[in-house]
Amino acid sequence: MEAFAVEDLPEIGEGDDLAALVEERVDLRESDVLCVASTVVSKVEGRKADLADFPAGDRARSIAERLESVTGDEKDPRFAQAVLEESEELLTEAPFLLVVTRFGHVTVNAGIDRSNVPGADLLLLPEDPTASARRLSEALGVPVVVTDTSGRPFRYGQRGVVVGWHGLPASRDWRGETDREGREMEATVQSVVDELAAAANLVAGEGDGGTPAVVIRDWTFGDHEGSDNLFRTEADDLVRQALREWEFEG
Ligand code: GDP
Ligand code: MN
Ligand code: MN
């Protein structure tokens with residue numbers, strides 16, 4: 001498979017036709033997958049915001065105060081308010097805000113970005129990235145994966161993950177297939193959308209590269225069962241349950 005960036009995309013603004021901008025620059029093939037950084041999807045969807053849009057309530061003020069005392073850094077309670085408004089649930093309030101977004105993605109600060117946002121303080125994630133992926137996919141005629149850079153437990157460093165997808169299953173199910181010794185696999189369900197998102201993010205980079213759209217070419221899902229389960233349900237999510245009980249001491 002090949003992964004290459006769509007070159008020469010301009011700074012994206014609200015209402016821009018992202019599908020047309022991509023189509024003008026690359027001849028997509030039916031079997032391609034287009035991966036797009038959520039940053040530019042958010043820009044199209046008018047998700048830039050200013051801290052002044054989020055007057056802090058009591059809860060945001062107390063969260064910011066606690067974060068300040070824990071980290072020693074100045075924390076704007078309006079940022080905490082923005083995170084609260086973008087979240088379904090806060091899993092941790094200190095030493096950082098780990099949340100479940102309204103669409104089910106678990107990430108720090110509700111994925112609100114402060115880099116690559118000209119003319120505004122903040123960039124919120126798309127409200128419903130899978131709906132965004134569907135619109136783009138229908139316009140382009142290929143599957144679409146919307147990515148974000150996200151941290152991870154257990155390891156240092158960030159990587160690309162999928163936040164929304166359309167036109168391909170989230171996972172490829174290997175259960176019931178056999179390994180090289182003929183042993184039947186019992187548990188392996190491969191999150192192919194996350195793997196595509198990570199590959200695309202590797203090409204897109206994190207800084208001023210200007211390459212938010214990446215074409216995956218000559219990759220195939222193959223002859224497997226698929227499923228769209230990606231975000232664990234509460235009942236299946238032991239880590240989420242454990243974090244609810246956990247309290248940061250420091
Ligand atoms: P995120 O991972 O979705 O939060 O996005 P990043 O801020 O890491 O940006 C991913 C890539 O998109 C980088 O190569 C950025 O330079 C690029 N990028 C971000 N915004 C724009 C834009 O409006 N236009 C273009 N051409 N590139 C952008
Ligand atoms: Mn981001
Ligand atoms: Mn990024």
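User: By class, how many nonpolar, polar and charged residues does the lining of the second largest pocket have?

Analyst: Before counting, know that this is a predicted model, where local features need pLDDT of at least 70 and side-chain atom pairs count only at pLDDT 80 or more, while totals for chains, interfaces and linings use all residues. Residues are numbered from 1 along each chain as its sequence is written, chains are lettered from A and ligands numbered from 1 in the order in which they are written, and side-chain values use heavy atoms, with hydrogens and water left out.

Now the classes: Ala, Val, Leu, Ile, Met, Phe, Trp, Tyr, Cys and Pro are nonpolar, Asp, Glu, Lys and Arg are charged, and the others, Gly among them, are polar. The lining here has eight nonpolar, two polar and four charged residues.

User: Which residues lie nearest the centre of that pocket?

Analyst: Pockets and cavities are found on a 1 Å grid over the protein atoms alone: a cavity is a set of points where a 1.4 Å probe fits but cannot get out, a pocket is an open set with protein on both sides within 12 Å along at least five of seven lines, and lining residues have an atom within 4 Å of a point. In this pocket, Leu67, Lys75, Phe79, Asn109 and Arg114 lie nearest the centre, out of 14 lining residues. The space comes to about 190 Å³, a volume being what probe spheres fill when set on the points, which are joined across faces, edges and corners. Helices α3 (58-71) and α4 (77-85) each give two or more residues to this lining, and α3 gives the most, with three. Such elements are DSSP runs numbered from the N terminus: helices are H or I with at least four residues, strands E with at least two.

User: What sits over the ring of phenylalanine 79?

Analyst: The charged end of arginine 114, 3.9 Å from the ring centre. The rule asks for NZ of Lys or CZ of Arg within 6 Å of the ring centre and within 35 degrees of the ring normal. Both Phe79 and Arg114 are among the residues nearest the centre of the second largest pocket.

User: How should I read the largest cavity, and which residues line it?

Analyst: One cavity of 30 Å³ or more is counted, and the largest holds about 40 Å³ of space. Its lining is Cys35, Val36, Ala37, Thr147, Ala200, Asn201, Ala204, Pro212 and Val214. β2 (33-37) and α6 each give two or more of those residues. By class, seven are nonpolar, two are polar and none is charged.

User: On to the metals. Which residues coordinate the manganese ion (ligand 2)?

Analyst: Donors are N, O and S atoms within 2.8 Å of the metal (3.2 Å for Na, K and Ca), and sites may look incomplete because water is not among the atoms. Here Asp113 (OD) and Asp148 (OD) coordinate ligand 2 at 2.1 to 2.2 Å. They come from distant parts of the chain: aspartate 113 from the loop between β6 and β7, aspartate 148 from strand β8, 35 residues apart. Aspartate 148 is buried at 7% relative accessible area, while aspartate 113 is partly exposed at 24%. Buried means under 20%, exposed over 50%, partly exposed in between (1.4 Å probe, protein chains only).

User: What are the protein donors of the manganese ion (ligand 3)?

Analyst: Thr149 (OG1) and Glu206 (OE), lying 2.1 Å from the ion. Threonine 149 is in strand β8 (144-150) and glutamate 206 in the loop between α6 (192-204) and β12 (213-217), so the pair ties together parts 57 residues apart in sequence. Threonine 149 (22%) is partly exposed, and glutamate 206 (47%) is partly exposed too. The two manganese ions, ligand 3 and ligand 2, are 5.1 Å apart.

User: How many aromatic pairs are there?

Analyst: Two. Rings of Phe, Tyr and Trp (its six-membered ring) pair if their centres lie within 6.5 Å; planes under 30 degrees apart are stacked, over 60 edge-to-face, the rest tilted. Phenylalanine 103 and phenylalanine 231 are edge-to-face, with 6.4 Å between centres and 65° between planes. Tryptophan 246 and phenylalanine 248 have centres 6.2 Å apart and planes at 55°, so that pair is tilted.

User: And the backbone: which residues does a cis peptide bond join?

Analyst: Most residues other than glycine have a negative phi, and most peptide bonds are trans. Alanine 94 and proline 95 are joined by a cis bond, with omega about 5°. Asparagine 109 has a positive phi near 55°, and asparagine 116 one of about 60°. Asparagine 109 lies in the loop between β6 and β7 (122-123), and asparagine 116 is in the loop between β6 and β7 as well.
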